Amino acid sequence: MKPAATVPGQGAGRAGVVEETAPEAPEPAEPSAPDAPASAATESATSSASSASTTSAPAAAGQVTGCVVDRAGEPVPGVAVVMLDRDSLYVAAAASDARGCFRIASRVRPYRLLFQHLSYRMQRLEGSADNVGVVTLDASETAIEGVVVSAERPVVRVEEGRLDYDLEAATRGMTVNNAYEAITRLPGVSEQEGRLTLAGAGSVTVILNGKPTTMSTDQLEALLRSTPVERVERAEVMYSAPPQYHVRGAAINIVLRHGGERAFSGQLHGQYANSCFGAWEGGANVVYTSPKWSADLNYTGGTIHNRRYYELRSLHDFDGERYDIAQSERITQQGSYHRLRAALDWSPSEQSRLSAAYTAAFNPSGEGLALSSGSFVDSRSLSRTESQMHNLALRYRAPFGLELGADYTSYRNPERSEQRNDYASGSQNAFDIVSGQLIDRVNVTADQQVALGGQWKLNAGGALSWAGSHDWQRYLPREGSIEAVDTESSLDEYTANLYAGASRTLSKGSLSFSLAGEYYRMGDYENWALYPQASFNWMFSEEHMLQLTLSSDKSYPSYWEMQGAVSYVDGYSEIHGSPGLRPAKNYSAQALYMLRSKYIFMLFWNETLDYFTQSAWQSSERLALIYQTLNWDTNRQWGANVIIPFKAGRWLESRLVFTGLQLTQRCDRFHDIGFDRSKWVGIVRMDNTFRLSRKPNLTLDLSGHYQSAAIQATYDVEPVWQIDAGARWSFARGRASLTVRCTDLFGTSMPYTKIRYRGQHLDMDSGFYTRTFTARLTFRFGGYKERRHNSVDTSRFGH
């Protein structure tokens, strides 16, 4: 199926921009929502230490920790702990967890702490220690309305080279239903063609609790959409991920909250979406936790039904003549899906953990119908497909810092299609295509971290993986003749990786660097490569921070793209595989300056060698439009990015983003022509959240995006713009929510593309029915807290 042209901000090494609003200071919580930070009471007293059984965890450098209890020695969750400096200026804030403990990342000394809760008198504590011990609160004797300590919370904190966001606080009041939607609201994070990208870095890998996700885009999205925002403790954005994560380049680490208390909880959700046709989804999640054991079960099922249009006009020069070919194509897809996950964790001690997880995905009934009509050919193509994926993962963390992991994945995808072509010349043909893909993969990892004196840490480890892919495609003629060749091939892929690195905490920042060596073999292709990584952070003061990062990465094409098979969109358009397709190597650097923990100014540079993407080419040998994925010589970007959040009172929060970059793309061996092109591109985006009402709790989101004209290979990409709107209603004491949203209100998100390059002449208008309406109802019971999920990589599977 032919995709629309990729635009800047999409694909590997491209800068994407989506920004949201800055969170405000903690708001006064209603009595029905005890887990939210509460406003201060007017009466205060000095804090007192207690010898209760609750003890605070040791504080790391640059952190302040402690625990909060009542007079009976019981932990008090949901206490808002606000840190001020000696001039009473706001520094940071945190909320106590289920154990009554809190942790604030700040190097400000001395400090003043305010402990606020509706049911207790406000306490004040002044000091300079990293650990304040246990603070005891006195119950409030008089029920009063309370007063609010207003202070603008910082959008982001810097911790050991990471940009740490409180995801729940950053999206409070916005129309987000889950962790995935919340991630797309982080500064610089964007969803482009179903993928997450990071401004100034291009492609970004999502990590869960420090473990790399190994899943396809759809599975990653489904997993994060089933995770409540409240379950996420923080989101760590890294432009240069350390090697122990087993990912290179930019990464987002989603850290989920862990509760050791005995509890049984869950969540139910239902969703209706309409994009020309209606589709449904439903799911349930249940979780059981205890001090040493935990188990969770997750199921999601639904239907898919959508339609797309392509309007194509091709002036095709062949055999001394120019042919004017106009085709109109309608593509309808429908089917169902089921996703299942079961996981079990055992923690014999606080420093060790053994976990096992089984993940499965089934698509039992997929059907696609493509109808094409025009001046060259009338075509009908009907395809039926099914797929299933099974993954078993085991992980062990030893008390002395060693982490071991192993997983096995099995993927099966048979497909059969029927195609008929009636050409304007009077000829006809009809044929069936039987194809499929079988993949098995094994992966093992080992990592060790050692803490040295003088704030130094050493990391070392490695990974071994093997993947076997068997692909086939056979043609069964039914009428007329067809120039097609049956294909069947098997590929074995081997990857070995070793790394070593070090990091150090400085007086006003941090430094980390590493070097990874990798051996890769696929068929007759072998490659040795070194991947450096470095990150330097320096805080001139609490309001001024500089970050410099350097990273390198490699991306791999899908297994199907590396086969020699030919697929037919209609009687004119074809998709060709590319045997010998090479992995792409990416090198990037960023210089980021942050003012007042919210205003971000960035310079970036990305260089991708052997970059690959799919592009169209009018064949010089016959009348055929060929879509094929090829390696380019280079794809370079450099530019600047500015993020400016602002607010108006308590009813509007906004974020404005400007990006300017230059694209340089070169491929000397692009079929029988080559290209070397450059283009300046500008992007602007504005996101707004309006608080319509507090009782009832109603919010409205409105966002807009504009991108100037761009290029991709021989494509000229016209400017695009998009408007999205959504509303959210929270009720039943915050346990239930109803969200309605309409994306791409005016159906303008897909670009109009054309080719006017060295005899190539093509116009393509695509993406009709991009406007999507979604309504989602969610209900949580038992204080739902979803467990973390290690995911499965199927990004290179499928046709």
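Reply: Let us begin with one bridge. Valine 566 stands opposite histidine 576 in strand 32. The model is a predicted one.

Me: How many bridges join strand 31 and strand 32, and in which sense do they pair, parallel or antiparallel?

Reply: Strands of a sheet pair through backbone hydrogen bonds, in a parallel or an antiparallel sense. In this case, strand 31 and strand 32 (residues 573-576) are antiparallel and share 3 bridges.

Me: What is the strand order of the open sheet of 4 strands, and which strands stand at its edges?

Reply: The order is 31-32-36-35, and the pairing is mixed. Strand 31 (566-568) and strand 35 (612-618) stand at the edges; each has a single partner strand, so one side of each is left without a neighbour in the sheet. From one strand to the next, the twist averages 25°.

Me: Which order do the strands take in the open sheet of 3 strands?

Reply: That sheet has the order 5-2-8, again with mixed pairing. Its edge strands, strand 5 (101-105) and strand 8 (131-136), each pair on one side only. Neighbouring strands here are turned by 20° against each other on average, direction ignored. Strand 2 (residues 63-69) pairs with strand 8 in the parallel sense over 4 bridges, and the bridge partner of valine 68 in strand 8 is valine 135.

Me: Which strands pair with strand 37, and over how many bridges?

Reply: Strand 37 (residues 634-648) runs antiparallel to strand 34 (residues 599-609), with 10 bridges joining them. One example is phenylalanine 601, whose bridge partner in strand 37 is valine 642. Strand 37 also pairs with strand 38 (residues 652-670), in the antiparallel sense over 15 bridges. Here phenylalanine 646 has serine 654 of strand 38 as its bridge partner. The hairpin of strand 37 and strand 38 has 3 residues between the strands, and glycine 649 takes a positive phi near 60° in it.

Me: Which residues other than glycine have a positive phi, and are they buried or partly exposed?

Reply: Histidine 671 is partly exposed because its relative accessible area is 25%. Alanine 713 also has a phi near 55°, and its place is the loop between strand 41 (710-712) and strand 42 (715-717). Alanine 713 counts as buried because its relative accessibility is 0%, and the cut-off for buried is under 20%.

Me: Where is there a cis peptide bond?

Reply: A cis peptide bond joins arginine 109 and proline 110, with omega about -5°. Proline 110 belongs to the loop between strand 5 and strand 6 (111-117).

Me: What can be said of aromatic pairs and of a nonpolar patch on the surface?

Reply: A search of the whole structure gives 22 aromatic pairs. Ring pairs link Tyr611, Trp632, Phe670 and Phe675 into a cluster. On the surface, Trp293, Leu344, Trp346, Leu354, Tyr396 and Leu404 form a nonpolar patch, with about 560 Å² of accessible area together. Tryptophan 346 is partly exposed, at a relative accessible area of 34%.

Notes: Residues numbered from 1 in each chain as written. Predicted model: local features only at pLDDT ≥ 70, side-chain atom pairs only at ≥ 80, totals over all residues. Heavy atoms only, no water. Patch = residues over 30% accessible without salt bridge, like charges linked within 9 Å, V, L, I, M, F, W, Y side chains within 5 Å. Areas by Shrake-Rupley, 256 points an atom, 1.4 Å probe, with all protein chains shown as cover. Salt bridge = Lys/Arg side-chain N within 4 Å of Asp/Glu carboxyl O. Buried < 20%, exposed > 50% of the residue type's maximum accessible area, 1.4 Å probe, protein only. Pairing = 2+ DSSP bridges. Helix = DSSP H or I, 4+ residues; strand = E, 2+ residues; numbered from the N terminus. Axes fitted to C-alpha atoms, helices over the stretch in contact; angles between N-to-C directions. Phe/Tyr/Trp six-rings, centres within 6.5 Å; stacked < 30°, edge-to-face > 60°.
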